[in-house]
Amino acid sequence: MKRIMFMLATALVMAACSNDEPAPQDEVQYVSELKVAFTKGDTRVTAEHSSAGLTFEWDEDDIIGIIATDGSSKLLYLYDSETESFEPRYPYPGMEAGKEYFATRMHLNPTTIPDTKIIDGKVAAAMRVYSDMGDGFVGIPMISDPFVADPNGTVATMHHLTGVMEVPMKLAAGSEPKTIKFGLNSSDDIPLPYFDAIPEEPYLQNVEVRWFSSSYITGTYTLNADTYTSVFVPLIPGHYPSLQLRKYNTSNTLHTFNNITIQRGKITKLTPIVIDPS
């Protein structure tokens with residue numbers, strides 16, 4: 001009898017324990033493919049200049065940051081030229097299906113996801129914290145509208161946060177081809193790339209205005225005396241009373257531009273110039 005009672009008690013304890021086990025949770029579904037689109041008038045991240053004009057495309061393994069709008073996660077996605085989409089960079093599993101995110105490309109080092117401001121449990125802004133805009137189009141900062149990760153197809157609509165000054169230039173007659181690294185300088189207070197970016201119109205906030213030096217990189221280009229090559233200078237939108245194009249990190253001014261107005265997401269093409277490389 002005692003044996004029977006003990007067996008019954010054991011069965012009751014085991015049943016109680018089984019009831020204490022947590023209910024099975026729904027498995028998290030991850031979205032591993034993201035398409036990126038641009039609004040009309042916005043340029044792409046990389047530029048190639050030819051006689052046919054400008055073409056823009058993503059490069060293999062270009063990186064963008066993905067930030068959950070509730071601030072709970074930050075991810076990196078790499079571009080895959082075969083699928084023409086972005087995929088999670090190891091060890092990130094991807095975006096959670098049904099969750100809201102926005103995409104950014106804010107740094108010359110794209111593996112650095114920008115710091116964020118959280119207000120009332122939601123990301124209010126992604127912050128750019130240094131002035132180096134990068135080499136040509138490569139470092140142009142961008143941000144997307146918010147989007148919901150969808151396993152059936154997810155698209156992030158990107159917007160450039162800067163404009164671009166395009167300067168067609170060639171060397172003086174008789175000059176041998178030369179590779180030049182360009183810098184930009186100004187004696188005026190003009191908008192530097194210190195700002196907050198928000199994933200909605202007007203996309204830019206809290207732009208600081210201060211002087212910058214020739215450490216501001218515009219790019220490295222090979223020029224000749226026969227044909228014009230366009231040099232691309234990404235700039236924060238605004239009016240620039242005077243800009244000096246220089247050899248990088250030198251005081252050698254190659255050309256001065258006056259009264260330039262830059263619009264976000266647009267290319268402002270200037271009159272072609274001839275420079276003396278000496």
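Predicted model: local features only at pLDDT ≥ 70, side-chain atom pairs only at ≥ 80, totals over all residues.
Close-up 1. Asp59 lies in the loop that links β4 (53-56) to β5 (63-68).

**Close-up 2. Asp80, a buried charge.** Asp80 belongs to strand β6, which covers residues 74-80. Asp80 is buried but has no salt bridge. The nearest side chain of opposite charge is that of Lys35, 9.3 Å away. Apart from neighbours within four places in sequence, the contacts of Asp80 are Glu60, Ser85 and Glu87.

**Close-up 3. Two residues with positive phi.** Glu84 is not a glycine, yet its phi is positive, at about 55°. Glu84 sits in the loop between β6 and β7 and is exposed, with a relative accessible area of 54%. Asn259, also not a glycine, has a positive phi of about 55°. Asn259 is part of strand β24 and is exposed, with a relative accessible area of 54%.

**Close-up 4. Two cis peptide bonds.** The bond from Tyr90 to Pro91 is cis, with omega near 5°. Pro91 is in the loop between β7 (85-88) and β8 (95-96). The bond from Glu201 to Pro202 is cis, with omega near 5°. Pro202 is in the loop between β18 (195-197) and β19 (204-205).

**Close-up 5. Ser251 and Gly183.** Ser251 lies in the loop between β23 (238-247) and β24 (253-262). Ser251 is exposed, with a relative accessible area of 62%. In sequence, Ser251 and Gly183 are 68 residues apart; in space, their C-alpha atoms are 9.8 Å apart.

Notes
Residues numbered from 1 in each chain as written. Heavy atoms only, no water. Helix = DSSP H or I, 4+ residues; strand = E, 2+ residues; numbered from the N terminus. Buried < 20%, exposed > 50% of the residue type's maximum accessible area, 1.4 Å probe, protein only. Lys, Arg positive; Asp, Glu negative; His and termini not counted. Salt bridge = Lys/Arg side-chain N within 4 Å of Asp/Glu carboxyl O. Contact = heavy atoms within 4.5 Å.
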